[in-house]
Amino acid sequence: MEADVAIVGAGFSAIAVAVHLLRSLPPEASIAVISDDPGFGRGTAYRTEFHLHRLNVPAGRMSLFPDEPNHFLDWLARQGRAVKAGDFAARGDYGLYLRDTLASLLRARGQRARLDFVKAKAVDCVTCASGGPTFALDTGERLQASAVALCLGLGNADLPLPPERCSTAAMPRIIANPWRLGWLSQIEPEDEICILGSGLTMVDQVLTLRAKGHRGQIHVLSRRGLVPHSHAADPVPPLQPALPEGSLTLSRLLSALRAQVRGGAEWRAVMDGLRPQTQALWQRLPQAERARFLRHALAWWNIHRHRIAPPVHRRFAALMEDGTVTVHAGFLSAIEPAHEGVTLRYRPRGGRGQMRLPVDWVINCTGMERAGLGHSPLLSDMAARAMISLDPLGLGLAVDDRSQVLDAAGQPQPGLFAVGALTAGRFWEITAVPDIRVQAKAVADAMSGIAALARGKAK
Ligand SMILES: Cc1cc2nc3c(=O)[nH]c(=O)nc-3n(C[C@H](O)[C@H](O)[C@H](O)COP(=O)(O)OP(=O)(O)OC[C@H]3O[C@@H](n4cnc5c(N)ncnc54)[C@H](O)[C@@H]3O)c2cc1C
């Protein structure tokens, strides 16, 4: 199978690259999309149909197109949804918006549009030569294209526990991946649950459980016991952050921002003002400082930066207040089988002893895997063959500033790009729509250029 350009994956990053390719490629060019994911463009984030699963970015910043900020808002208005720019729309609606936008672009290109969805997993990169990469698919076919974008997202994180500390007899009571549908049907209304991880995924799962009629006690265990803050009910405009002059270190950066907030600036406005500059600041920080940030500041960064919609926060806070949800700060040390469930052992933060927590179920909500390539057999295999390499912090793929994938010798692989959170080592702030859409457009433009050159040579 051959295509001018190809995309591997079918989440937001893939659809964003696809729509920008449809806009930039000549009509006769062919695009192949490889994925065994059923809902193209929805990925884990936007396939939910549960209304309280809201976007955590205001609707006015969720357009697919960086240069058309009202595109999503206009779509919502056409659907009769009363959503304003500062509101947090339903994630399911966002999935429908992505699907509709792609469909209308395809209609606009008419019969000549060639976007082929290939239902398969990419299992191997056979070559990455000057003519572009060739991938082997699990259907036995091969796909060759002059340029390919890897839009693989991140896998679900493993349990925060070495395998020998988690008894196999306890495994049936552990939901390792809450994004796999169907697990909720196993939970009885009165079951006691422990959720591992206290971030956005945890909040999502708590609200889903309650909506499905769960009435039992929910424990939340994470190393610091920090839960995400709410967005402001009445949004404040972003503030220009006060950045230190001269060389940049993590402590100089943090103390400048803290001083600004102590001086009266609203912290959310400072965080929002920082956002457009985060990628550049990350690249200015020396490698050792980036590592310090990941070790010491990440948990605080996450709760301030990845905030939740006010109605979602209100619902969650009420469950904490009435004692339905209890958050524990501690370090998980073992999960053992118990009479009709499991017992968790953990060391409380700042304490020495071991606490025991007997529950019916454990749900792993420690989020997306931000530690390397092991979640993807395709990437692990490519790394073993030196075709790709880990970024120095081990967050994902090493890429250059055009998002072109680097091999083990640091050389750009011809025609091979990566989009989304896999590129966090270089860009850091690259997990959400406002950042991915900009990267997707730049990658689509580069891919179109490569495809045009290849077509010119072939004539
Ligand atoms: C629950 C949740 C809520 C979120 N809410 C928001 C929000 O409100 N606003 C926001 O801006 N961001 C949000 N995000 C961030 C979100 O990660 C991004 O917006 C975006 O959805 C990431 O898409 P992706 O395509 O990079 O990854 P994914 O959606 O994970 O897609 C990866 C795709 O790659 C495919 N794949 C993997 N390996 C292979 C292979 N070998 N061959 C073929 N296909 C493969 C998978 O099947 C999947 O289709 C949320 C994330 C989550 C998890």
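Begin by selecting Ser198, which touches Val220, Ser222, Gly225, Leu226, Val227 and Pro228; contact here means heavy atoms within 4.5 Å, and residues up to four places away in sequence are not counted. The model is a predicted one, in which local features need pLDDT of at least 70 and side-chain atom pairs count only at pLDDT 80 or more, whereas totals for chains, interfaces and linings use all residues. Residues are numbered from 1 along each chain as its sequence is written, and side-chain values use heavy atoms, with hydrogens and water left out.

Ser198 sits in the loop between strand E8 (193–196) and helix H4 (200–211); helices (H or I, at least four residues) and strands (E, at least two) are DSSP runs, numbered from the N terminus. Is Ser198 buried or exposed? With a relative accessible area of 8%, Ser198 is buried, the term denoting under 20% relative accessible area, with exposed over 50% and partly exposed in between (1.4 Å probe, protein chains only). Display its side chain: a polar contact of 2.9 Å links it to the side chain of Ser222, and the backbone oxygen of Leu226 is reached at 2.6 Å. A polar contact is a pair of N or O atoms within 3.5 Å; within protein, one must be able to donate a hydrogen and the other to accept it, and residues adjacent in sequence count only if both atoms are side-chain atoms.

Next, select strand E9 (residues 218–222) and strand E10 (residues 325–338), which pair in the parallel sense over 5 bridges; pairing requires that DSSP find at least two bridges between the strands. Leu221 has His328 in E10 as its bridge partner.

Now turn to the largest nonpolar core, which has 50 residues. Such a core is a set of buried Ala, Val, Leu, Ile, Met, Phe, Trp, Tyr and Cys residues joined through side-chain atoms within 4.5 Å. Among the residues with the most contacts inside the largest core are Phe135, Phe293 and Leu379. Helix H6 (residues 267–284) gives the most to this core, with 5 residues. Select Leu379 to find Leu150, Leu152, Leu373, Ile388, Leu397 and Leu422 touching it, again not counting residues up to four places away in sequence.
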